Structures are given as C-alpha cells and as structure tokens.
Amino acid sequence: MNIAREVSKRSTCDRKMVGAVLVRDRMILSTGYNGSVRGMPHCSEAGHQMVDGHCRRVIHAELNALIQAARHGVAVAGSTCYVTVSPCWECFKALANAGIGRICFGEPYGDESVAKVAADIGIEICRVPLS
C-alpha cells in the first residue's frame, strides 16, 4: 500500500490523487495513477473537466494500471490490486473482468455495491489503512 501511495503522487489531478499497484507472488506487475489521456492536457494545465462532481479529464488509477499491463503484455489474472482509494463501480468491473482476485484499498470511496458484488463473485476486498 505504501507503494500505491507513492505512485499516487504522480497523479495529474489534484482533486483526488490516487495510485494503484497490481501485484502477484510479491512481484509488482504494473502501476497506475489518475492521469489524463495520453497527449491531452492535464488538470494542472487545463483545469478540471467536472461532470456530476467528478473530474472526467482523468483515467482512474486502476484502469491505468490495467492499461499499462496490457501495453506491455503482462498477464494480471490472479493478482491483487492495491489502491489508495476503493474502486468506483466502473473500475471494479474492469478489475473483476481482468481476473483480479483481491482488492486492497486505503480509504473508502463510498460505492457500497462494490463490496456486495465482490463477495457474490468471490473477489476478496480488504481495507489496509494508509500509514
């Protein structure tokens, strides 16, 4: 979780700096942070793109970690995702479909449906307080 927190410092959206690390067998497979689409301006340059109280300019950390793994041909099935903030519904669905078996988060985001669905489909969710 400490590595996820360090990765979050690279976030280009200062509204919510989030970091994610995908790990299997104690080996880091991929990392991601909240950041703009490749080639597009960052929040720090162009401001936030707010929709329904959320900045839509960025790709969430969990998705960026999955995308980085895919770009480099790294299989993530069976891995654990450490993320500084519990995943939103969209990120949870992507993690589930990628075969992530466990999600550990630092602070809750607030979507309680994630925990219920995770339990129903056998994905372990655990809170690991940020130190």
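Predicted model: local features only at pLDDT ≥ 70, side-chain atom pairs only at ≥ 80, totals over all residues.

Biologist: In which sense do strand 1 and strand 2 pair, and over how many bridges?

Modeller: Strand 1 covers residues 19-24, and strand 2 covers residues 27-33. Within this pair, Val 21 lies opposite Thr 31 of strand 2. The pairing is antiparallel, over 6 bridges.

Biologist: Which residue in strand 7 is the bridge partner of Val 21?

Modeller: Strand 1 also pairs with strand 7, residues 80-85, in the antiparallel sense over 4 bridges. In strand 7, the residue that partners Val 21 is Tyr 82.

Biologist: How many residues of strand 1 are buried?

Modeller: Buried here stands for under 20% relative accessible area. By that cut-off strand 1 is mostly covered, and the count of buried residues is 5 of 6.

Biologist: Which residue in strand 9 does Arg 102 stand opposite?

Modeller: Strand 7 and strand 8 (residues 102-107) run parallel, joined by 5 bridges, and Thr 80 has Arg 102 as its bridge partner in strand 8. Strand 8 also runs parallel to strand 9, residues 124-127, with 4 bridges joining them. The residue of strand 9 opposite Arg 102 is Glu 124.

Biologist: Through which helix does the chain cross from strand 8 to strand 9?

Modeller: Strand 7, helix 4 (residues 89-97) and strand 8 form a β-α-β unit that is right-handed. The β-α-β crossover from strand 8 to strand 9 is right-handed, and the helix it passes through, at residues 112-121, is helix 5.

Note on methods
Residues numbered from 1 in each chain as written. Heavy atoms only, no water. Buried < 20%, exposed > 50% of the residue type's maximum accessible area, 1.4 Å probe, protein only. Helix = DSSP H or I, 4+ residues; strand = E, 2+ residues; numbered from the N terminus. Pairing = 2+ DSSP bridges. Right-handed = clockwise from strand over helix to strand, strands pointing away.
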